[in-house]
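Me: I am new to this structure and would like a careful look at one part of it, with enough of the surroundings to see where that part belongs.

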2 protein chains.
Amino acid sequence: MADWVRLDAEDNVVTAIRPLAAGAAIEAGVETTGLVPRGHKIALLPIAKGAAVRKYAQVIGYASEDIPAGAHVHTHNLEFRNVDVEYEFGTDLRPVTLAAEPDTFMGYRRASGRVGTRNYIAVVTSVNCSATAAKRIAAHFTPEKLSQYPNVDGVVAFVHGTGCGMAGDGDGFEALNRVMWGYARHPNHAAVLMVGLGCEVNQIDWLLGLYGLEQGPLFQTMNIQDVAGLRRTIELGIEKIEKMLPLANDFTREPCPASELMVALQCGGSDAWSGITANPALGYACDLLAAQGATGVLAETPEIYGAEHLLTRRAASPEIGQKLIGLIRWWEDYTARNKGSMDNNPSPGNKKGGLTTILEKSLGAAAKGGTSPLNGVYKYGEPVTAKGFTFMDSPGYDPASVTGQIASGCNLVAFTTGRGSAFGAKPSPSIKIATNTEMYTRMVEDMDVNAGAILTEGRSVEEVGREIYDLLLRVASGEMSKSEAQGLGDNEFVPWLIGAVM
Amino acid sequence: MADWVRLDAEDNVVTAIRPLAAGAAIEAGVETTGLVPRGHKIALLPIAKGAAVRKYAQVIGYASEDIPAGAHVHTHNLEFRNVDVEYEFGTDLRPVTLAAEPDTFMGYRRASGRVGTRNYIAVVTSVNCSATAAKRIAAHFTPEKLSQYPNVDGVVAFVHGTGCGMAGDGDGFEALNRVMWGYARHPNHAAVLMVGLGCEVNQIDWLLGLYGLEQGPLFQTMNIQDVAGLRRTIELGIEKIEKMLPLANDFTREPCPASELMVALQCGGSDAWSGITANPALGYACDLLAAQGATGVLAETPEIYGAEHLLTRRAASPEIGQKLIGLIRWWEDYTARNKGSMDNNPSPGNKKGGLTTILEKSLGAAAKGGTSPLNGVYKYGEPVTAKGFTFMDSPGYDPASVTGQIASGCNLVAFTTGRGSAFGAKPSPSIKIATNTEMYTRMVEDMDVNAGAILTEGRSVEEVGREIYDLLLRVASGEMSKSEAQGLGDNEFVPWLIGAVM
Ligand SMILES: [Ca+2]
Ligand SMILES: [Ca+2]
Ligand SMILES: [Ca+2]
Ligand SMILES: [Ca+2]
Ligand SMILES: [Ca+2]
């Protein structure tokens with residue numbers, strides 16, 4: 001089993017996965033020239049002063065002195081040149097070779113042509129003022145009551161803390177509209193009931209007009225003020241869903257091409273190994289998805305900050321690259337006007353763990369997206385229509401980010417974690433990928449994949465990536481993920497709140 | 001039954017409660033001089049050009065021409081002088097006469113010396129990542145399981161959408177800390193279990209250190225990452241609460257002075273009658289509370305905007321008045337940097353309904369606070385320690401505002417509504433006061449008091465205010481409010497999110 005890991009065949013550095021003394025063999029003819037701490041980088045070949053240092057196949061900085069093969073590479077000999085960034089578009093495209101044999105999964109095909117991986121009935125709220133009504137309506141449909149509808153996965157209430165006390169236009173209002181609409185039309189929902197209060201800023205009727213939605217047997221709306229009170233609203237909501245249930249139960253799984261998968265790429269509670277194990281493995285899975293014509297949706301804009309000019313080089317068109325730069329500028333303004341900053345530089349703890357530059361840190365997060373071309377950039381919750389690798393704007397905060405990814409159409413979630421997490425979402429099942437074996441073992445009831453095995457069992461990034469991909473296909477077909485089997489996802493709907501609460 | 005309502009004995013205008021033709025008798029010797037629409041003002045005596053027009057005993061503007069008794073008073077003859085405001089402090093104090101006979105209620109006296117109106121066990125979350133764990137722990141304690149603890153009102157999970165992806169200092173972080181701490185020490189809680197994930201920004205351990213909290217039989221904390229997973233966290237949480245239950249059940253109600261009441265004053269879904277019926281009636285109840293040495297907590301800073309210089313004249317000290325002005329300045333910055341504004345001017349719809357100036361509109365909201373001196377101004381969720389009429393900073397948005405009022409110590413909520421609302425909160429019961437009889441009748445299952453009777457049954461503001469006060473005492477002693485009987489309050493915990501989500 002190797003003492004180090006190489007993240008891409010083009011890299012000229014590798015990462016030590018345990019502390020190495022001087023003289024440790026790396027590759028034929030290469031030995032460490034001194035102590036290398038765990039998680040730190042080693043030159044795989046001589047790197048001349050001024051030459052690029054590559055990790056993740058990307059430039060993470062430049063040698064500030066001649067670096068011999070086997071030398072420890074860190075802040076003493078690797079510099080980040082903060083030159084004026086020249087944005088380039090499409091200069092680093094790695095074309096995708098489509099798989100010869102398309103994979104399939106068993107999904108629910110909807111009238112829209114989109115495919116669901118689950119078959120829920122959703123109770124979507126416009127405002128916190130209808131949260132209890134929605135929860136009560138959903139709670140009526142116990143497993144016993146649903147037992148005669150075996151194809152229905154459940155009745156879920158999506159409740160949240162916003163929807164009023166906000167501006168009726170602008171970024172925050174538009175983001176909430178997109179989330180509402182994204183859940184209302186999500187392919188994992190067989191039917192939808194929207195419940196409001198009536199006088200909220202986020203008007204259901206306005207939304208219907210905006211998106212041209214019409215009420216029908218599988219889509220209904222109601223307001224507490226119109227229905228005249230909580231009890232009657234709950235009773236009427238239950239009646240409406242009782243009529244939806246037989247129709248929802250008529251949907252059945254059928255073979256669908258893997259190209260119908262749209263996977264939310266997410267990390268939370270990251271550690272020093274996230275960028276070495278779980279994120280690159282998920283990135284490999286994302287490349288396998290891209291080869292199927294499926295979609296991977298990277299997000300968490302603050303965490304890719306500092307590496308955006310490397311992502312623009314992967315942009316399939318200048319417009320796509322420009323849209324990413326526009327998001328970055330928006331975030332600089334958003335954080336500045338909220339008295340924060342976009343500082344994503346490695347902290348002292350990051351540096352101790354082996355991260356030298358902001359590029360390296362940001363690339364570790366972006367590694368979840370693999371290496372294929374960036375085929376689309378989207379606003380928070382905006383419908384993702386491109387195939388392959390895409391990006392959706394969001395905060396890094398897990399529930400807010402995944403809520404946007406699901407609204408944008410993701411029917412699966414792949415979540416890497418180092419510290420551990422009990423995250424789960426509805427209506428799209430989440431698999432969780434541990435970055436290290438210690439945490440995986442400790443929280444095995446919550447973890448689906450152990451990417452720590454790359455360090456402790458000598459498995460390759462590609463092998464673990466293939467395991468993730470295979471599991472995604474099985475979960476898409478109905479196999480329960482760990483979080484799903486535990487019933488998680490009823491409390492994790494958190495639309496991103498942008499702007500003042502009034 | 002009168003055709004008009006006078007809101008204070010010092011007023012020189014009254015409000016028509018139905019459309020009046022010319023020649024309608026108002027008071028001895030006063031007749032309307034022309035048509036007066038419903039909700040509009042009538043001069044009760046001659047008002048010379050330049051003289052102050054008073055409603056709510058406050059100056060709402062100045063006569064722009066000589067106004068005869070019986071004339072319609074509106075934009076054509078009433079002007080708002082937007083002069084540079086000279087802030088005055090304590091120039092309009094109406095001393096409170098303490099009641100000769102103190103009233104009492106049956107409350108739970110705590111070791112802190114504070115008094116609860118309910119006896120809950122709380123499961124408080126630091127971050128959304130522990131929401132499902134907390135909900136599952138609380139859900140274990142069904143009415144059947146709690147039946148052997150008759151003095152315990154329930155086990156409640158307080159879950160929310162924030163706690164990470166935020167700055168670890170500044171206004172937003174401090175506000176969340178105050179809410180956490182306010183719920184952890186609330187007198188309506190016999191015992192508290194705090195549940196976190198472990199790696200969140202809003203660290204439970206940091207909070208304990210900040211407030212000098214120590215774990216004990218009635219206060220426990222736990223993190224999912226430490227306990228190693230969701231299932232074990234739920235099991236351990238249930239074990240901890242099972243040990244708390246007999247101790248919580250040992251608390252019993254005992255006679256307590258009404259001075260221990262702290263009432264959140266709130267409005268939501270307001271209409272043209274809010275400032276004429278329900279808000280002044282609640283204001284009268286607030287005066288009765290002040291006469292008992294109890295506390296009323298007005299909030300919703302954006303809704304008193306434009307009348308803050310009238311509130312400072314009621315400030316018991318210059319420091320209290322200055323603190324209110326500081327909040328106003330903060331809000332101007334908060335809304336401006338979020339691309340909004342503090343505009344609280346009457347809309348065209350407001351004007352059609354009879355509201356002439358920003359002062360009149362803001363005073364209609366502030367009327368909930370009655371007429372006694374302003375004895376304290378507090379930040380969002382800051383412990384309110386003054387007695388009598390006080391103010392706490394918050395948005396107008398109901399769940400966010402009430403969450404702050406409860407965190408600040410309120411053990412009751414009085415909520416006025418015109419459009420209708422199904423709001424309820426835990427751990428502090430809410431009574432709801434309808435501004436109009438039509439909505440009261442339609443939503444009677446959710447409304448506790450009909451202040452619309454001031455218009456339709458000729459009841460006085462004082463009579464309805466007394467009814468509210470008496471009901472507050474009964475609810476404080478254990479009588480269930482309408483929303484409480486329906487079990488509301490498990491989904492309305494919404495800490496005010498200030499700042500960027502990262
Ligand atoms: Ca992350
Ligand atoms: Ca995240
Ligand atoms: Ca009881
Ligand atoms: Ca209000
Ligand atoms: Ca309100």
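How many of the five residues of strand S15 (residues 219-223) of chain A are buried?

Reply: Five of the five residues of S15(A) are buried, and the strand is therefore described as mostly covered, where buried means under 20% relative accessible area, exposed over 50% and partly exposed in between, with a 1.4 Å probe and protein chains only. The model is a predicted one, in which local features need pLDDT of at least 70, side-chain atom pairs count only at pLDDT 80 or more and totals for chains, interfaces and linings use all residues, while side-chain values use heavy atoms, without hydrogens or water. Residues are numbered from 1 along each chain as its sequence is written, and chains are lettered from A and ligands numbered from 1 in the order in which they are written.

Phe219(A), Thr221(A) and Asn223(A) point one way from S15(A), whereas Gln220(A) and Met222(A) point the other way, and all of these are buried. Strands (E, at least two residues) and helices (H or I, at least four) are DSSP runs numbered from the N terminus. Strand S14 (residues 189-196) of chain A runs parallel to S15(A) and is joined to it by five bridges; two strands pair if DSSP finds at least two bridges between them. In this pairing, Gly196(A) has Asn223(A) in S15(A) as its bridge partner. Between S14(A) and S15(A) the chain passes through helix H4 (residues 204-211) of chain A, and this β-α-β crossover is right-handed, meaning that, with the strands pointing away from the viewer, the path from the first strand over the helix to the second runs clockwise.

Elsewhere in chain A, Asn411(A) sits in the loop between H13 and strand S21 (412-417) of chain A, and its relative accessibility of 1% makes it count as buried. Apart from neighbours within four places in sequence, Asn411(A) is in contact (heavy atoms within 4.5 Å) with residues including His186(A), Asn188(A), Glu260(A), Leu261(A) and Pro429(A). One of these, Leu261(A), is also among the residues that touch the most other members of the largest nonpolar core, which holds 158 residues. Such a core is a set of buried Ala, Val, Leu, Ile, Met, Phe, Trp, Tyr and Cys residues joined through side-chain atoms within 4.5 Å. Helix H16 (residues 461-476) of chain A gives the most to this core, with nine residues. A second, separate core has 156 residues, among them Ile224(A), Val501(A), Met342(B) and Ala367(B).

Chain A also holds the calcium ion (ligand 2), which is coordinated at 2.2 to 2.3 Å by Gln266(A) (OE1), Cys267(A) (O), Glu300(A) (OE), Gly396(A) (O) and Asp398(A) (OD). Donors are N, O and S atoms within 2.8 Å of the metal (3.2 Å for Na, K and Ca), and sites may look incomplete, since water is not among the atoms. Cys267(A) bridges this ion and the calcium ion (ligand 1), and the two ions lie 3.3 Å apart. Glu300(A) is in the loop between strand S18 (295-298) and helix H8 (301-304) of chain A and Gly396(A) in the loop between strand S20 (388-392) and helix H13 (398-407) of chain A, so the pair ties together parts that are 96 residues apart in sequence. Both Glu300(A) and Gly396(A) are buried.

How is chain B related to chain A? Chain B superposes on chain A by a rotation of 180° with 0.0 Å of shift along its axis (RMSD 0.0 Å), fitted by least squares on the C-alpha atoms of residues with pLDDT of at least 70 in both. That is the relation of a two-fold axis. Arg337(B) comes closest to the rotation axis among the residues of chain B, at 2.9 Å (C-alpha), and 98% of the contact residues of chain B recur in chain A, so that the same surface serves both copies.

In chain B, the protein donors of the calcium ion (ligand 5) are Gln266(B) (OE1), Cys267(B) (O), Glu300(B) (OE), Gly396(B) (O) and Asp398(B) (OD), lying 2.2 to 2.4 Å from it. Cys267(B) bridges the calcium ion (ligand 5) and the calcium ion (ligand 4), which lie 3.3 Å apart. Gln266(B) is buried, at 0% relative accessible area, and Glu300(B) is buried as well, at 1%.
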